[in-house]
Amino acid sequence: MPVRVLVISPHPDDETLGCGGTLLKHADRGDELFWIIVTSMSTEAGFEIERVKRRDEELIAVSKAYGFREVIKLGFPAAGLDTVPKAGLIKRLSEAFSVLKPETIYLPHPGDIHSDHRAASEAALSAAKAFRCPWIRRISAYETLSETEFAPPFASRAFLPNSFSDITGSLERKIEIMETYAGETGEHPFPRSRDSIRALAALRGATAGVKYAEAFMALKEIW
């Protein structure tokens, strides 16, 4: 039976960096994919209109590549989630969960260096409490190149993977999708580079005993 899978991105590209290979595996299995994008670019926030248009085109292309059934854009300000009342962010996520009814959720690691990642992750976990969303059976935190590894070296912020997804068959497609975001990638040693994505996948694969993998922290599983 198809599983309803939701990925939460503080910013577009987080879904691909964090779990793009795994999303493609879900799609290949016939699962139903949904995408929540928490923040957005806008001219009101100071972005050039051409950049906003290009981002909209990128989102259409990425959504098509994964085969998302529905994309919900919450429209909060980028790099400003920590200034948004937490109750409002939880409410918007709760409303989206009630509409989409996801069984599996992928969200950013709550220890990431970017404040948007921490705010989105903590709000999503609050919105996903079992008494609010009894249909959610599994929640996993993904790691995001350029955000997770730059967190300060505090135990409370550490990414400690305990779940691995073999993406040997989908890594190249993941990299191709990532390159849709023209302004978000660069050449090695830039963190969001083709080389870095492949190197991290190889490292996680070596831990899991496969060629390439994505790593997660399993936060909740009900079965």
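The model is predicted, so local features need pLDDT of at least 70 and side-chain atom pairs count only at pLDDT 80 or more, while totals for chains, interfaces and linings use all residues. Residues are numbered from 1 along each chain as its sequence is written, and side-chain values use heavy atoms, leaving out hydrogens and water.

**Strands and crossovers**

Let's start with strand β2 (residues 32–40). Helices (H or I, at least four residues) and strands (E, at least two) are DSSP runs, numbered from the N terminus. Of the 9 residues in β2, 7 are buried, so this strand is largely enclosed by the rest of the structure. Here buried means under 20% relative accessible area, exposed means over 50%, and partly exposed lies in between (1.4 Å probe, protein chains only).

Two strands pair if DSSP finds at least two bridges between them.

| Strand pair | Bridges | Direction |
|---|---|---|
| β1 (residues 4–9) and β2 | 6 bridges | parallel |
| β2 and β3 (residues 70–77) | 6 bridges | parallel |

From β1, the chain passes through helix α1 (residues 14–29) to reach β2, in a right-handed β-α-β crossover. Right-handed means that, with the strands pointing away from the viewer, the path from the first strand over the helix to the second runs clockwise. Another right-handed β-α-β unit is made by β2, helix α2 (residues 49–66) and β3. To find the pairings by eye, look for Leu6 with its bridge partner Phe34 in β2, and for Ile37 with its partner Lys73 in β3.

**Nonpolar cores**

A nonpolar core is a set of buried Ala, Val, Leu, Ile, Met, Phe, Trp, Tyr and Cys residues joined through side-chain atoms within 4.5 Å. The largest one has 31 residues, and Phe97 is among those with the most contacts inside it. Helix α3 gives the most to this core, with 6 residues. A second, separate core of 26 residues includes Trp35 and Tyr142.

Most residues other than glycine have a negative phi, and most peptide bonds are trans. Lys101, however, has a positive phi near 50°, and Ser146 has one near 85°. Lys101 is partly exposed, at 37% relative accessibility, whereas Ser146 is buried, at 11%. Finally, a cis peptide bond joins His188 and Pro189, with omega about 15°. Pro189 sits in the loop between α5 (171–178) and α6 (194–208).
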